[in-house]
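Subject: Handover of a structure and notes on its salt bridges

Dear colleague,

Please find below the structure that I am handing over to you.

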Amino acid sequence: MALAVVKPVVEETAPQQKKAMVAINSVTMSFGTFVAVEDVNLTVADGEFLAIVGPTGCGKSTILNAIAGLLKPTSGSVSIDDNRVSGIQNDIGYLFQQDALLPWKTAIENVELGLLIRGVSALKRRERSMAWLAKVGLKGFEQRYPHQLSGGQRKRVQMAQALISGPKVILMDEPFSALDIHTRHLMQNELLRLWQEERRAVVMITHDLEEAIALGDRVAVLAAGPRSRVINSFPVDLERPRDVAEIKLDPRFMDLYRNIWASLRGEVEKSYERRD
Ligand SMILES: Nc1ncnc2c1ncn2[C@@H]1O[C@H](COP(=O)(O)OP(=O)(O)OP(=O)(O)O)[C@@H](O)[C@H]1O
Ligand SMILES: [Mg+2]
């Protein structure tokens with residue numbers, strides 16, 4: 001009888017075996033008597049890209065703001081790197097949906113803001129901001145004001161601003177939804193490229209299920225509000241690096257889409273019914 005060939009064991013670090021960078025423990029968020037989200041439990045491993053989808057008004061931004069320390073949970077707790085969040089966090093980079101650049105500051109001055117609160121010297125701030133603008137494809141645009149930049153270019157400046165400080169956690173609230181589809185694909189690929197260089201924990205909120213699957217390691221689905229909660233969490237086992245336009249043609253992408261949509265669809269329908 002032939003001896004069984006023992007294959008080398010490839011060590012795979014599953015996300016849950018890695019250190020939890022963000023831990024949301026039994027979080028309930030209320031506004032007065034209105035309970036927006038109830039008993040939400042989510043962890044994001046260091047280096048993991050978590051995408052959160054859910055119908056409009058279900059509490060996605062509210063959860064993100066709790067991680068950022070902008071809102072305090074009514075009950076439960078949020079921790080970043082084992083430290084309980086109890087105020088505005090310095091360890092995070094926040095990419096907002098809307099333009100969040102200061103209109104009276106140039107591109108480079110806006111990027112420098114990302115370092116200002118950290119007490120980095122003026123010279124170093126300028127040096128690092130120049131490098132980051134080049135990194136996001138804006139070499140030569142340093143002295144432009146936001147109104148002299150396109151929507152995609154402004155997003156690039158925001159990305160540099162959010163990432164320059166090397167945050168432990170990157171929070172993104174529908175950052176690309178205002179962009180046209182081609183610019184969106186470009187920006188999504190750009191984001192993946194930057195993230196691959198130095199993996200951080202990411203929590204991205206999106207309406208766009210395709211975006212969630214194309215970018216994420218995992219997609220969490222929230223229920224329709226009020227009292228929204230996490231109803232499902234799907235691992236996305238597609239290889240990296242990914243090209244967001246091409247990956248959508250992969251049959252496994254389509255299977256995932258079908259599965260997650262089956263879970264999300266009912267919640268979206270409920271949220272429309274409740275609006276009337
Ligand atoms: N400061 C507030 N005061 C009262 N209610 C609020 C406040 N902020 C949010 N809400 C309510 O909490 C719920 C969740 O809001 P949130 O902005 O988190 O939704 P969302 O999932 O981000 O929606 P969208 O996809 O439209 O951005 C909504 O019903 C909203 O009206
Ligand atoms: Mg929102």
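The following paragraphs set out the conventions and then the findings.

This is a predicted model, in which local features need pLDDT of at least 70 and side-chain atom pairs count only at pLDDT 80 or more, while totals for chains, interfaces and linings use all residues. Residues are numbered from 1 along each chain as its sequence is written, chains are lettered from A and ligands numbered from 1 in the order in which they are written, and side-chain values use heavy atoms, with hydrogens and water left out.

With a salt bridge taken as a side-chain nitrogen of Lys or Arg within 4 Å of a carboxyl oxygen of Asp or Glu, the search of the whole structure returns 23 of them.

One of these joins Lys19 to Asp81, with 2.7 Å between the closest N and O atoms. The two residues are 62 residues apart and belong to distant parts of the chain: Lys19 is in the segment before strand 1 (20-31), and Asp81 is in the loop between strand 4 (75-80) and strand 5 (83-84). Helices (H or I, at least four residues) and strands (E, at least two) are DSSP runs, numbered from the N terminus. Asp81 is buried at 18% relative accessible area, whereas Lys19 is partly exposed at 38%. Here buried means under 20% relative accessible area, exposed over 50%, and partly exposed in between (1.4 Å probe, protein chains only). Both residues also belong to a network of salt bridges that links Lys19, Asp81, Asp82, Asp91 and Lys168.

Two further pairs lie within helices. In helix 3 (residues 122-135), Glu127 and Lys124 are three residues apart, about one helical turn, and their closest N and O atoms are 4.0 Å apart in a salt bridge. Glu127 is partly exposed at 49%, as is Lys124 at 43%. In helix 5 (residues 181-197), Arg193 and Glu197 are four residues apart, about one turn of the helix; their side chains form a salt bridge at 3.5 Å, N to O. Arg193 is partly exposed at 36%, and Glu197 is partly exposed at 48%.

Finally, a note on Glu267, which is found in helix 8 (residues 251-273). Glu267 counts as buried, at 8% relative accessibility. Beyond its neighbours within four places in sequence, Glu267 is in contact (heavy atoms within 4.5 Å) with Pro55, Leu222, Ala223, Ala224 and Ile231.

Yours sincerely
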